[in-house]
Amino acid sequence: MLLNVQEILGTISDFVWGPPFLILLVGTGIFLTVRLGFLQISMLPYALRLVFRKKDQSSEGDISHFQSLMTALAATVGTGNIAGVATAVVVGGPGAVLWMWVSALFGMATKYAEAILAVKYRIKDDKGEMAGGPMYYIEKGLGWKWLAVLFAVFAIGASFGIGNTVQVNSVAEVLQSNWGFPDLATGVILMVLVGIVILGGIKTIGKVVSVIVPFMAVAYVAAGLGIILFHLEAVPSAVGLILSDAFTGQAAAGGAIGVVIQMGVARGVFSNEAGLGSAPIAAASAKTDYPGRQALVSMTQVFIDTIIICSITGIALVMGGQYQGLGSDVEGAALTSSTFEFFLGPAGSLIVSIGLIFFCYSTILGWSYYGERCIYYLTNKPVSILTYRLVFTAAILAGAVLNLETVWALADVMNGLMAAPNLIGLLGLSGIVVAETTHFLKVKRQEESG
């Protein structure tokens, strides 16, 4: 019976993450990119400066631009950056890295649009805190309550899967395999560490992840850059292989170019979540004066997650060459760990292991907030948030001790299904996105001239 459920979920997952769905995801990004005049390229330097700008105390919101970005990064920078990239390279070949870059380029426009709508249509809850995201802009912008409800339901399911139990399971596996730490003990410790933070709400989450995320990202990036800088002679051939294989598919399973593209785009989207509708929930809580300003900050999330972190992982993997000849069932995190160990010795494997632990922990924190906002949307009762936090925390223990193949499959389906209502909302409200952008750019020009 369990096997049948897994097979059914696997079939649904293959459809959800199949070519038509990925074309819709990337196609939406291309459509928005054209409508916004390639804003993600021209405005990137300004957007990166905004990240570190002090919050305007006169603006509405709960947390700063930086804390909002860190909350969103906390939920996205995780197993996808370590294990996901490795899986893409094994199955799709080195060329998959290029298609990750392509999906990220257009995904930045998608992420921008998500955030601008999230801030524009956000509301204040009973505690005076901001609530926003696809469920609000779908209902208030398009007037389709039923579609907004669907998004919220799928997002809650994803929060317990991709955002909780599978992350805990990854931590338990790392601690058990490397240091023999009992799974049950891992679950109990994580319950305490997560519970203390999420019971404090978004302001506490924002403060914690604004410390953890920069630390873990800088440490992992520094190790990856060290590999690249100390082996510069191998970089040109690695990058050349990525570029050539992206259009030939010689290293992909079966030598199919379609596999290269599909794996690159799928793993890129899985890592940065552009189009899925999760990150705009965090963007809605930001203290900002104009939706466009926060949208630019949110856009940098894709740049940091995929263009920087995933690229370093991908280039290091291609340089190491250990992906060759491996089967499609390879454990992605193990390949990345062995590659870092190949270049840096035992310290390399340790960096990946510790990085994965921090990545997973921060992902749990970020997704807990996404889930509680969706619960509040469905019930409109503050007490439901506390109930969700308690159940979410309790689920951590299950994630540490259970075999999660079925949960992985279910969570993957929920994660993908979130995107359908969100993409409909983005396409239907693209005119609003353009109008808000035009207004903000006018304000920005006035600020610079004055």
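**M299**

I started at M299, which is buried at a relative accessible area of 0% (buried is under 20%, exposed over 50%, partly exposed in between, with a 1.4 Å probe and protein chains only). This is a predicted model, so I kept in mind that local features need pLDDT of at least 70, that side-chain atom pairs count only at pLDDT 80 or more, and that totals for chains, interfaces and linings use all residues. Residues are numbered from 1 along each chain as its sequence is written, and side-chain values use heavy atoms, with hydrogens and water left out.

M299 sits in helix α15 (helices are DSSP runs of H or I with at least four residues, strands are runs of E with at least two, and both are numbered from the N terminus). I looked up what M299 touches, leaving out residues up to four places away in sequence: L39, Q40, M43, L44, A47, M108, K111 and Y112 (a contact is heavy atoms within 4.5 Å). Q40 is 259 residues from M299 in sequence, yet the C-alpha atoms are 7.3 Å apart.

**Y112 and the core**

Y112 came up next. Which residues touch the most other members of the largest nonpolar core? They are Y112 and L296, in a core of 137 residues (a nonpolar core is a set of buried Ala, Val, Leu, Ile, Met, Phe, Trp, Tyr and Cys residues joined through side-chain atoms within 4.5 Å). Helix α17, residues 346-379, gives the most to this core, with 15 residues. Setting aside neighbours within four places in sequence, I found Y112 in contact with L36, L39, G292, A295, L296, M299, V433 and T437.

**A316, also in α15**

A316 lies in helix α15. A316 counts as buried because its relative accessibility is 0%. Beyond residues up to four places away in sequence, A316 touches I227, T339, F340 and F343. I also checked A316 against A234: they are 82 residues apart along the chain, with 9.7 Å between C-alpha atoms.

**Second largest pocket**

I put its volume down as about 240 Å³. For the terms, I used a 1 Å grid over the protein atoms alone; a pocket is an open set of points where a 1.4 Å probe fits, with protein on both sides within 12 Å along at least five of seven lines, and lining residues have an atom within 4 Å of a point. Points are joined across faces, edges and corners, and the volume is the space filled by probe spheres set on them.

Of the 15 lining residues, F52, M70, L73, P214 and I304 are the closest to the centre of the second largest pocket. Which helix gives the largest share of the lining? It is α11, with five residues. I noted that α4 (44-51), α5 (65-76), α11 (202-230) and α15 (291-320) each supply at least two residues. By class the lining has 15 nonpolar, no polar and no charged residues (Ala, Val, Leu, Ile, Met, Phe, Trp, Tyr, Cys and Pro count as nonpolar, Asp, Glu, Lys and Arg as charged, and the others, Gly among them, as polar).

**α17: S353**

S353 is in helix α17. Buried or exposed, I wondered of S353? Buried, because its relative accessible area is 7%. S353 touches V174, N178 and W179, not counting residues up to four places away in sequence.

**Cysteines**

C360 is buried at 0% relative accessibility, and C374 is buried with a relative accessible area of 0%. The disulfide count comes to zero, a disulfide being a pair of cysteine sulfur atoms within 2.5 Å.

**Positive phi**

F38 has phi near 55°, positive in a residue other than glycine. F38 is in the loop between α2 (19-35) and α3 (39-42) and counts as partly exposed at 41% relative accessibility. E273 has a positive phi too, near 60°. E273 is in the loop between α13 (257-272) and α14 (279-283), and at 3% relative accessibility E273 is buried.

In helix α8 (residues 134-142) I listed the buried residues as P134, M135, Y136, Y137 and I138. G143 follows α8, with a positive phi near 80°.

**Whole chain**

The chain has 21 helices and two strands. Of its 450 residues, 60% count as buried. Among contacts with a separation of 6 or more, residues 24 or more positions apart account for 84%.
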